[in-house]
Amino acid sequence: MAQDGYAWGGEGRSVFQGNYGVCEEIVKRFTSDNACSKASKASVTIKRKPGCSPLLFGKYLMENTAFVSLEDIAANLPAYNESVIPVEMDGELSTAYTTFSKRSKGA
């Protein structure tokens, strides 16, 4: 990443976020009280959001990733047994579920 020009610290992080991250730009416009003109002021806020561009994977992560499937490690796993254990609903939940079920059926 340093070879691509992303500096360590806040400035490099901001540039990287702009290129590969998800940013939300919020623009607030304020009408001025100036009677002689219709000027307006604006404030721009950029918020970083969770998420990333798919380009990030191919550019930086693919060469540093190991893909392992269950078959690769299955020989050393313990036996797996799955069973269903039914649990009854308590009274309050049962009432709410029955009410919801009747409404959704149109009864």
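In this predicted model, Phe16 and Tyr60 are both buried. The relative accessible area of Phe16 is 18%, which is under the 20% limit for a buried residue. The rings of Phe16 and Tyr60 also form an aromatic pair, with 6.1 Å from centre to centre and 55° between the planes, and the pair is tilted. Phe16 belongs to helix H1 and Tyr60 to helix H2, which covers residues 55-61, so their pairing ties together parts of the chain that are 44 residues apart in sequence.

**The aromatic residues**

The structure holds six aromatic pairs in total. Another of them joins Phe16 and Tyr20: the ring centres are 5.2 Å apart and the planes stand at 40°, so this pair is likewise described as tilted. Both residues of this pair lie in helix H1, which spans residues 10-20; they are four residues apart, about one turn of the helix. Tyr20 counts as buried, at 12% relative accessibility. The two pairs described so far are set out below.

| Aromatic pair | Distance between centres | Angle between planes |
|---|---|---|
| Phe16 and Tyr20 | 5.2 Å | 40° |
| Phe16 and Tyr60 | 6.1 Å | 55° |

In soluble globular proteins, nonpolar side chains tend to be buried together. Here, the largest nonpolar core consists of five residues, namely Tyr6, Phe16, Tyr20, Leu56 and Tyr60. Helices H1 and H2 are the elements that give two or more residues to this core.

Leu56 is a member of this core and lies in helix H2. Its relative accessible area is 14%, and Leu56 is therefore buried. When residues up to four places away in sequence are not counted, Leu56 touches Phe16, Tyr20 and Leu61. Leu56 and Gly21 are 35 residues apart in sequence, while their C-alpha atoms are 8.7 Å apart in space.

**The nonpolar surface patch**

Leu61, which Leu56 touches, also lies in helix H2. At 41% relative accessibility, however, Leu61 counts as partly exposed. Together with Phe57, Met62 and Phe67, Leu61 makes a nonpolar surface patch of about 410 Å². Helix H2 therefore holds Leu56, which is buried, as well as Leu61, which is partly exposed.

**The chain as a whole**

The chain contains four helices and two strands. Along the sequence, these elements follow the pattern α-β-β-α-α-α. The chain has 107 residues, of which 8% are buried. It exposes about 10100 Å², and carbon and sulfur atoms supply 56% of that area. Of the contacts between residues at least 6 apart in sequence, 40% join residues at least 24 apart.

Notes. Residues numbered from 1 in each chain as written. Predicted model: local features only at pLDDT ≥ 70, side-chain atom pairs only at ≥ 80, totals over all residues. Heavy atoms only, no water. Phe/Tyr/Trp six-rings, centres within 6.5 Å; stacked < 30°, edge-to-face > 60°. Buried < 20%, exposed > 50% of the residue type's maximum accessible area, 1.4 Å probe, protein only. Patch = residues over 30% accessible without salt bridge, like charges linked within 9 Å, V, L, I, M, F, W, Y side chains within 5 Å. Areas by Shrake-Rupley, 256 points an atom, 1.4 Å probe, with all protein chains shown as cover. Salt bridge = Lys/Arg side-chain N within 4 Å of Asp/Glu carboxyl O. Core = buried A, V, L, I, M, F, W, Y, C linked by side-chain atoms within 4.5 Å. Contact = heavy atoms within 4.5 Å.
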